[in-house]
Amino acid sequence: MPVMAPDGATRTAIVTVDDDPGVSRAVARDLRRRYGEQHRIVRAESADAALDALRQMKLRGDLVAVILADYRMPQMNGIEFLERAMDIYPKARRVLLTAYADTGAAIDAINVVDLDHYLLKPWDPPEEKLYPVVDGLLEAWLASDHRPVPETKVVGHRWSARSSEVREFLARNQVPYRWYASDEPEGQRLLDAAGADGLRLPVVITPDGEALVEPADAELASKVGLATTPSRDFYDLIVIGGGPAGLGAAVYGASEGLRTVLVERTATGGQAGQSSRIENYLGFPDGVSGAQLTDRARRQAAKFGAEVLTTRDVVGLEVNGSARGVRFADGTGIDAHTVILATGVSYRRLAAPGLDEMTGRGVYYGSALTEAAACSEQDVYIVGGANSAGQAAVYLSRQARSVTLLIRGPSLERSMSYYLIQQIDNIPNITVRTCTEVIRAQGADHLETLTLRDTSTGASQTVDAGWLFLFIGAAPLTDWLDGVIMRDERGFVLAGPDLTVEGEQPRGWQLDRAPYHLETSVPGVFVAGDARAESPKRVASAVGEGAMAVMLVHRYLERL
Ligand SMILES: Cc1cc2nc3c(=O)[nH]c(=O)nc-3n(C[C@H](O)[C@H](O)[C@H](O)COP(=O)(O)OP(=O)(O)OC[C@H]3O[C@@H](n4cnc5c(N)ncnc54)[C@H](O)[C@@H]3O)c2cc1C
């Protein structure tokens with residue numbers, strides 16, 4: 001049970017660790033002065049002691065809201081400590097205390113752990129430097145669902161593609177889970193307890209003890225507490241797609257009073273949610289992980305009252321007078337005055353023999369995050385020359401023995417940002433192989449070898465490889481809009497000025513005004529983000545277009 005304050009309110013802990021007793025006491029004193037009434041301040045003078053305290057609190061079911069750790073500590077540094085603390089209290093907000101001289105090292109190391117803040121020592125006056133930070137973190141923590149979460153358990157086989165998909169699905173939806181290999185004793189014990197024979201994997205055990213054998217995404221979503229069913233039939237605004245553009249639209253739509261629902265096929269975050277670190281998004285000088293950005297955006301949308309549905313695939317769009325209807329794959333649907341298409345793009349598949357069979361068994365498209373731990377001390381191959389591939393290379397190089405980046409062109413310069421090329425140059429275990437393509441993948445249960453071809457000489461070579469991550473360009477999956485919405489020859493949605501050819505409005509357009517900037521060939525249906533023809537393919541522009549589309553929705557509704 002959580003520690004309760006005398007008035008019955010839940011009393012949470014703020015934990016601080018610093019190996020210098022004087023500093024440790026000073027932090028605790030300042031924290032106690034401001035937060036002592038409502039929170040328990042727990043102080044430790046070594047990382048081990050702090051971890052012990054956290055474990056004990058976990059066993060007791062105490063809640064921990066914020067952890068502040070000194071960077072320079074003798075047994076393990078603050079980053080390593082916070083990483084381990086995350087295993088115990090993943091939702092606690094994390095702050096690193098650093099001396100000025102250590103700022104550079106701290107920033108470099110921040111990629112390892114999703115740090116919420118770093119604070120320079122000394123933090124005097126605390127009213128200016130310490131309290132505003134901790135206030136913000138406590139507020140964010142309280143706004144999140146911070147009840148102790150009994151964990152979901154996934155029992156699966158390392159090389160089962162569906163086990164890997166289920167883990168990815170839970171991780172991308174920020175559902176905490178614990179993984180058990182089916183061939184290890186604890187996994188076997190859980191399978192026995194669930195009465196499962198282990199032939200169909202994974203088996204997911206929900207927090208209330210229900211065992212789901214090989215569940216589909218929709219079943220899983222509903223059992224782990226994600227909304228999948230709309231609460232009403234008619235909305236002001238339906239946003240299709242839960243990437244940055246869709247989340248941006250949902251936040252602005254709901255915050256401006258529109259009855260807004262966001263419909264997402266798999267997990268919120270879209271492509272950005274799969275990024276290990278977005279370094280160029282405004283306001284995050286130290287970068288932000290896609291998961292963290294998504295978590296914040298989703299909370300923000302919920303705070304303003306937007307409904308967020310997951311595992312609902314939109315397969316049709318209909319125009320019924322002034323209503324716009326959205327149909328789901330199961331045949332049901334909802335209607336609204338307006339729709340924002342924010343369906344982004346999906347990764348293309350590489351058509352080389354063996355790759356389809358090995359997908360989920362050593363071959364992965366678009367995301368490297370869930371599998372990163374398994375790549376420890378392994379040789380990893382990545383295909384792609386854009387920023388997404390570069391980020392994955394940097395991320396995986398921390399754990400892998402070697403990372404080989406395979407690109408078809410002669411250099412990275414044309415396709416990757418300069419800052420990433422520099423980072424890659426400085427990491428000794430990353431090799432870039434230019435003019436190279438994958439022409440075959442082979443393995444029994446799991447990927448074992450890749451055959452690579454040098455495109456300049458035609459020579460091929462087979463290499464041992466257990467891991468291949470592909471980031472090879474993307475296509476909008478918009479066929480379901482065929483015959484309703486005008487698209488370009490690659491399937492990207494045309495909008496605004498792109499619809500007008502030599503002064504002529506699009507076919508079927510009956511209004512006496514031209515389409516608004518992000519409006520499609522159907523009035524009241526807008527497009528934002530990567531799905532739009534000629535869009536910039538950036539997080540910031542997707543978010544911006546989501547916000548702008550809502551402004552145009554208002555303009556449209558005023559004239560309805
Ligand atoms: C690994 C990686 C790293 C990146 N790093 C950066 C970076 O550092 N900086 C940067 O600016 N950009 C980066 N990008 C690009 C950036 O993520 C995209 O430009 C951005 O995510 C586009 O947002 P979006 O909302 O338009 O589309 P997406 O992010 O593609 O989201 C679209 C969403 O719509 C859903 N959807 C699609 N069709 C349907 C349907 N029919 N029904 C229901 N839901 C549907 C999808 O499941 C998806 O969640 C990166 C991309 C990747 C993949």
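Trainee: Let's start with Ser 535: buried or exposed?
Mentor: Ser 535 counts as buried, because its relative accessibility is 9% and the cut-off for buried is under 20%. Keep in mind that we're looking at a predicted model.

Trainee: Where does Ser 535 lie?
Mentor: You'll find Ser 535 in a loop, the one between strand 26 (525–527) and helix 15 (539–558).

Trainee: And what does the side chain of Ser 535 make a polar contact with?
Mentor: The partner is the side chain of Lys 537, at 2.9 Å.

Trainee: Which residues is Ser 535 in contact with, leaving aside neighbours within four places in sequence?
Mentor: Those would be Gly 529, Asp 530 and Glu 545. Asp 530 turns up again around the ligand, as one of the closest residues there.

Trainee: What about Gln 271, how far is its side chain from an oxygen atom of the ligand, and which atoms are we talking about?
Mentor: An N or O atom in the Gln 271 side chain is 2.8 Å from a ligand oxygen.

Trainee: Which residues come in with a backbone N or O atom?
Mentor: Val 314 is one of them, with a backbone N or O atom 3.0 Å from a nitrogen of the ligand. Arg 538 is another, where a backbone N or O atom lies 3.2 Å from a ligand oxygen.

Trainee: How many residues of helix 13 are buried?
Mentor: Nine of the eleven, so helix 13 is largely enclosed by the rest of the structure.

Trainee: What unit does helix 13 make with strand 18 and strand 19?
Mentor: Together, strand 18, helix 13 (residues 387–397) and strand 19 form a right-handed β-α-β unit. Strand 19, helix 14 (residues 418–425) and strand 20 also form a right-handed β-α-β unit.

Trainee: How many bridges pair strand 18 with strand 19?
Mentor: Strand 18 (residues 379–383) and strand 19 pair over five bridges, in the parallel sense. One example is Asp 379, whose bridge partner in strand 19 is Ser 402.

Trainee: And how many bridges for strand 19 with strand 20?
Mentor: Four bridges link strand 19 (residues 402–406) to strand 20, again in the parallel sense. Among the partners, Thr 404 pairs with Thr 431, and Leu 405 pairs with Val 432.

Trainee: How many residues of strand 19 are buried?
Mentor: Four of the five are buried, so strand 19 is largely enclosed by the rest of the structure.

Trainee: What about the open sheet of three strands, which pairing does it have?
Mentor: That one is antiparallel, in the order 21-22-23. Strand 21 (436–443) and strand 23 (460–464) are its edge strands, each pairing on one side only. From one strand to the next, the twist averages 25°.

Trainee: How many bridges join strand 21 to strand 22?
Mentor: Seven, with strand 22 covering residues 447–454. Thr 436, for instance, stands opposite Asp 454 in strand 22.

Trainee: Last topic, Val 15. Which strand is it in, and what is its relative accessible area?
Mentor: Val 15 sits in strand 1 (residues 12–17), and with a relative accessible area of 1% it is buried.

Trainee: What does Val 15 touch, not counting residues up to four places away in sequence?
Mentor: Val 15 touches Val 42, Leu 54, Met 57, Val 64, Val 66, Ile 67 and Leu 68. Take Val 64: it is 49 residues from Val 15 along the chain, and their C-alpha atoms are separated by 7.3 Å.

How values were computed:
Residues are numbered from 1 along each chain as its sequence is written. This is a predicted model: local features need pLDDT of at least 70, side-chain atom pairs count only at pLDDT 80 or more; totals for chains, interfaces and linings use all residues. Side-chain values use heavy atoms; hydrogens and water are left out. Two strands pair if DSSP finds at least two bridges between them. Helices (H or I, at least four residues) and strands (E, at least two) are DSSP runs, numbered from the N terminus. Buried means under 20% relative accessible area, exposed over 50%, partly exposed in between (1.4 Å probe, protein chains only). A polar contact is a pair of N or O atoms within 3.5 Å; within protein, one must be able to donate a hydrogen and the other to accept it, and residues adjacent in sequence count only if both atoms are side-chain atoms. Contact means heavy atoms within 4.5 Å. A crossover is right-handed if, with the strands pointing away from the viewer, the path from the first strand over the helix to the second runs clockwise. A residue is near a molecule or strand if one of its heavy atoms lies within 4 Å of it. Axes are lines fitted to C-alpha atoms, for helices over the stretch in contact, and angles run from 0 to 180 degrees between N-to-C directions.
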